[in-house]
Amino acid sequence: MWSRVATCRSSSKPHQMTKRASPTIEASDLAEYLASQDDFALELFVYSRLMRAGFDASHGGTYQDRVTQRYRQYDIRAGCRRGDRAVQLAVECKALRPSFPLLVSRVPRTSAEAAHEIVVSRFSEQLRPGIGIDWVPAATMRVASDRGLYPFESLVGRSLTQVGRNRDGDLSASDAESFEKWSQALSSASDLVQQACMAAERSAGKEFATFVLPVLVVSDGTLWVADYASAGELVGAPRQEDHVTFSISRRYDGPNRFAYEITHLHFLTRSGASAFFDRIGNDPTFWDAAFPQALFPNVSL
């Protein structure tokens with residue numbers, strides 16, 4: 001005779017993990033963010049310092065990328081003019097943290113890197129509105145900088161990354177955060193180069209010379225350098241700097257065989273930006289180095 005064994009089934013449901021709610025952001029949290037990681041506050045500072053140094057600046061704007069045809073936003077653009085010469089800056093800002101600073105590895109600059117280029121726009125009686133897109137009334141002039149802005153064998157950046165520690169305390173490195181911003185500076189500079197081609201049409205002179213510079217400004221205490229000899233030996237310990245030039249050699253091609261090369265990207269801290277802007281705005285030796293009179297006899301000073 002078979003006996004039936006009673007079984008009891010539990011009606012309880014399997015234990016479900018409850019999702020922990022994210023902590024509410026308080027005013028103190030926002031204040032901490034604004035004090036240490038706010039790009040907008042850095043932009044406002046840079047914009048005010050450019051204006052104080054005598055630049056004509058615009059903060060925040062859009063332009064159409066000539067390669068992708070997409071509209072992009074820039075942080076700051078600024079121009080400083082002396083006669084028929086101008087320096088145009090494409091400035092981006094990034095509030096980096098001291099716990100994840102930017103490290104630029106530098107080597108002695110080669111003779112090929114010891115140069116910069118100037119856009120020389122020429123007035124043409126044949127040019128009329130609407131046809132400039134097919135014919136560029138401009139050329140480029142390459143300026144050797146043996147004793148000027150980018151001297152031969154002076155230290156120049158060739159590699160960069162941001163360095164920090166992860167949650168386990170291990171060192172980690174990535175350039176994604178800074179790469180996005182300095183790429184935007186180069187893209188904005190490309191648009192300024194195109195505008196510079198038409199500068200003579202908007203001035204009273206026959207020629208107008210423009211020097212276009214891309215700039216990335218970061219927080220104080222977040223720009224470090226590691227210097228190497230040409231053979232690869234590290235020279236000294238890494239140290240902080242306020243102004244570092246980086247070899248970029250970015251070429252921009254336009255219609256009618258026009259081409260312009262941006263040879264250097266400038267990395268500045270907040271403090272370094274103030275000094276650099278004042279130099280451009282007030283130091284005649286900067287303009288003499290950027291626009292040697294022997295190369296630009298038809299450009300008024």
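User: What pLDDT does the protein chain average, and what share of the residues score at least 70?
Analyst: The chain averages a pLDDT of 87, and 86% of the residues score at least 70. pLDDT is the predictor's confidence in each residue, from 0 to 100. This is a predicted model, where local features need pLDDT of at least 70, side-chain atom pairs count only at pLDDT 80 or more, and totals for chains, interfaces and linings use all residues. Residues are numbered from 1 along each chain as its sequence is written, and side-chain values use heavy atoms, with hydrogens and water left out.

User: Okay, rings now. How many aromatic pairs are there?
Analyst: The count comes to 8. Rings of Phe, Tyr and Trp (its six-membered ring) pair if their centres lie within 6.5 Å; planes under 30 degrees apart are stacked, over 60 edge-to-face, and the rest tilted. One of the pairs is Tyr-63 with Tyr-74, tilted at 35 degrees between the planes and 6.4 Å centre to centre.

User: Which strands do Tyr-63 and Tyr-74 sit in?
Analyst: Tyr-63 is in β1 (residues 56-64) and Tyr-74 in β2 (residues 71-82), 11 residues apart. Strands (E, at least two residues) and helices (H or I, at least four) are DSSP runs, numbered from the N terminus. Both Tyr-63 and Tyr-74 are buried, meaning under 20% relative accessible area with a 1.4 Å probe, protein chains only; exposed is over 50% and partly exposed is in between.

User: What sits over the ring of Tyr-63?
Analyst: The charged end of Arg-77, 4.8 Å from the ring centre. The rule asks for NZ of Lys or CZ of Arg within 6 Å of the ring centre and within 35 degrees of the ring normal. Likewise, Arg-270 has its charged end over the ring of Phe-45, 3.7 Å from the centre.

User: And which residues form a ring cluster?
Analyst: Ring pairs join Phe-179, Trp-182, Phe-246 and Phe-267 into a cluster.

User: Switching to α4: which residues there are buried?
Analyst: Gly-272, Ala-273, Ser-274, Phe-276, Phe-277, Ile-280 and Gly-281.

User: Why does Phe-276 count as buried?
Analyst: Because its relative accessibility is 4%.
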